[in-house]
Amino acid sequence: MTLEAASLELGGWARWHSADLPLRVGVSSCLLGEEVRFDGGHARDRFVTDTLGQWFEFVPVCPEMEIGMGTPRPTVRLQEGHGIRLVAPSTGEDFTERMLTFAEAKIAELSRLDLDGYILKKSSPSCGMERIRVYRDNMPSRRNESGLFASRLLERWSTLPVEEDGRLNDSLLRENFIERVFSRNRWRGLVRRGLSRPRLVLFHTAHKLLLRAHNEAAYRRLGQLVGSAGTIPDRQLFATYEAEFQTALQTMATPQKHSNVLYHALGYLKRALDPIEKREILTAIEDYRKRLLPLVVPLTLLRYNIRRHSVEYLAGQLYFDPHPKELMLRNHA
Ligand code: SF4
């Protein structure tokens, strides 16, 4: 499927997407089916390979292979020592320094590739994003650490959209992650075309409803920032906007926040709709808020009426199409 083939009529993601700027996402190699696990096996994730693989260009990374541990290899785990150590309990070999040195160099290399996101393998003492067991005196002492490579990635690149395979089974987390990946890619496209104040205004305007669905306070701050253009140097303006934009999207968009945005959008149509049409949309929004209907239902009703009544402001909002509909991210109740 080509990206252009999925182009939408409203001002959706495809209008902003450049075919020459692929959605580039780092991934734990074993999730792609590469046989790099300690036992020579893989951990292929079909959603990652078969669904996301249609849209994302993956950059595979297996930290344990890349520090020369080979396969098959003894299992490793996190241990308390001088800080958190990465150790093979069967041999006592300590891989901490090698892994940390590798992580610094790899993250610098990945930064140059300017990734749009990263998918980590859950439960791995190297790649796991959270809840990795840490041992003390051969006993599990606590959970809630990240794997050693993952912890450096999260620390050094705090605005990068990062998820792990297990969490991608959660519909809200999945949509949030993919939405951030597409949004980051749009920002990269803007940078590539050349940042200017008018282009920043266009970018911000198109993302208004999307931002409101995540973080109303950040949406307001970003609006003030864009409005203050001219009072601060452009370089500072763009850097501050980018950081705040990426951070705003980290806040989860919930059904309650989506409902507020949908009501707001409906406000633009109130004079154009008759009472029955209005009631139909209101009912769909309420049913969505109560999780009786998926988000795609009120969105479809609104999109139809936005087109029918040519509501220009709403037609330009990425909120209505932030990612390809084939991913079906908004089809769950
Ligand atoms: S979890 Fe990470 S270190 Fe382990 S096999 Fe997969 S990519 Fe390699």
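Is E277 buried, exposed or partly exposed? In this predicted model, E277 counts as partly exposed, with a relative accessibility of 23%.

E277 pairs with R308 in a salt bridge whose closest N and O atoms are 2.5 Å apart. E277 belongs to helix 12 (residues 275–289) and R308 to helix 13 (residues 296–308), so this contact ties together parts separated by 31 residues in sequence. R308 is also partly exposed, its relative accessible area being 38%.

## Other salt bridges

A network of salt bridges with shared partners joins E104, R152, E155 and R156.

D94 and R85 form a further salt bridge, with 3.0 Å between the closest N and O atoms. D94 is partly exposed at 34% relative accessible area, whereas R85 is buried at 18%. The count for the model comes to 29 salt bridges.

## Largest pocket

The largest pocket holds about 340 Å³ of space. Its lining is made up of 22 residues, and R37, F38, E64, S124 and P125 are the ones nearest the centre. By class, the lining comprises 11 nonpolar, 6 polar and 5 charged residues.

Notes. Residues are numbered from 1 along each chain as its sequence is written. This is a predicted model: local features need pLDDT of at least 70, side-chain atom pairs count only at pLDDT 80 or more; totals for chains, interfaces and linings use all residues. Side-chain values use heavy atoms; hydrogens and water are left out. On a 1 Å grid over the protein atoms alone, a cavity is a set of points where a 1.4 Å probe fits but cannot get out, and a pocket is an open set with protein on both sides within 12 Å along at least five of seven lines; lining residues have an atom within 4 Å of a point. Grid points are joined across faces, edges and corners, and a volume is the space filled by probe spheres set on the points. Ala, Val, Leu, Ile, Met, Phe, Trp, Tyr, Cys and Pro count as nonpolar, Asp, Glu, Lys and Arg as charged, and the others, Gly among them, as polar. A salt bridge is a side-chain nitrogen of Lys or Arg within 4 Å of a carboxyl oxygen of Asp or Glu. Buried means under 20% relative accessible area, exposed over 50%, partly exposed in between (1.4 Å probe, protein chains only). Helices (H or I, at least four residues) and strands (E, at least two) are DSSP runs, numbered from the N terminus.
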